Amino acid sequence: MTSATLILFITASAALIVSPGPTMLLALSNGATYGMRIAMFGFIGAALGNFVLIGIVAVGAGALLRISEQVFLLIKWCGVAYLLWLALVLWRSKPMGLERQAAHVSATASRKAAFSRCLAVALTNPKGILFFAAFLPQFVALDAPQWPQYALLAVIFNAMDVGCMAGYAFGGRQLARLISARSLQGLNRVCAAMLVLLAGFLAAYKRVNG
């Protein structure tokens, strides 16, 4: 794998990562509502999901995801349903302000929720799956050991992804320090509305070969 190949991969990945997808919206909401420590568990969940998907592609199962319409549709509608459920959870959440929040929110439960939600979003996002299945193999040299190459691409992608999520979460946290609990609830509802919009785009999404 040449340096030119890596630069091209980084550039293409950055274009995907910086767009406000569901994991970025969750990072923003988690940072604003719970703070950076709990938001980091969401980063870990999303990164684990990415590693799992890239591992699936590396063992050759990515071809099945590319050609099987039934598998694609199953994952697609699971992703739509999960995004709508997350939107409902965010819409109904009632932030209490940073001081009262620390006394009422269970840190353990919040960490588990942040981790599991981001992991589930990563694993049920068919656009992400197809991105890895169709995109990553193009950067892997077939005349060299492939697992180390996939591992390198996975580390690079996740480093960029986590860095971007951290930026969203930090921005949400700083915003939460400046606004009231009522405004914070409004921020969560904006994120919920955007998740519904993403679910709508996902429901309407059709593969070129589908």
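A nonpolar core, as I use the term, is a set of buried Ala, Val, Leu, Ile, Met, Phe, Trp, Tyr and Cys residues joined through side-chain atoms within 4.5 Å. Buried means under 20% relative accessible area, with a 1.4 Å probe and protein chains only.

The model is predicted: local features need pLDDT of at least 70, side-chain atom pairs count only at pLDDT 80 or more, and totals for chains, interfaces and linings use all residues. Residues are numbered from 1 along each chain as its sequence is written, and side-chain values use heavy atoms, leaving out hydrogens and water.

The chain has ten helices and zero strands, taken as DSSP runs numbered from the N terminus (helices H or I, at least four residues; strands E, at least two). Of its 210 residues, 42% count as buried.

Now the core. The largest one holds 39 residues, and F9, F132, L136 and Y150 have the most contacts inside it. Helix 9 gives the largest share, eight residues. Contact means heavy atoms within 4.5 Å. Beyond its neighbours within four places in sequence, L136 touches F9, I54, F131, Y150 and L153.

Helix 3 and helix 9 pack at about 155 degrees, axes 9 Å apart; axes are lines fitted to C-alpha atoms over the stretch in contact, and angles run from 0 to 180 degrees between N-to-C directions. The two helices are therefore roughly antiparallel, a label for angles over 145 degrees. Among the contact residues are I54 of helix 3 and Y150 of helix 9.

Methods
Buried means under 20% relative accessible area, exposed over 50%, partly exposed in between (1.4 Å probe, protein chains only). Angles under 35 degrees count as roughly parallel, over 145 as roughly antiparallel, 65 to 115 as roughly perpendicular and the rest as oblique.
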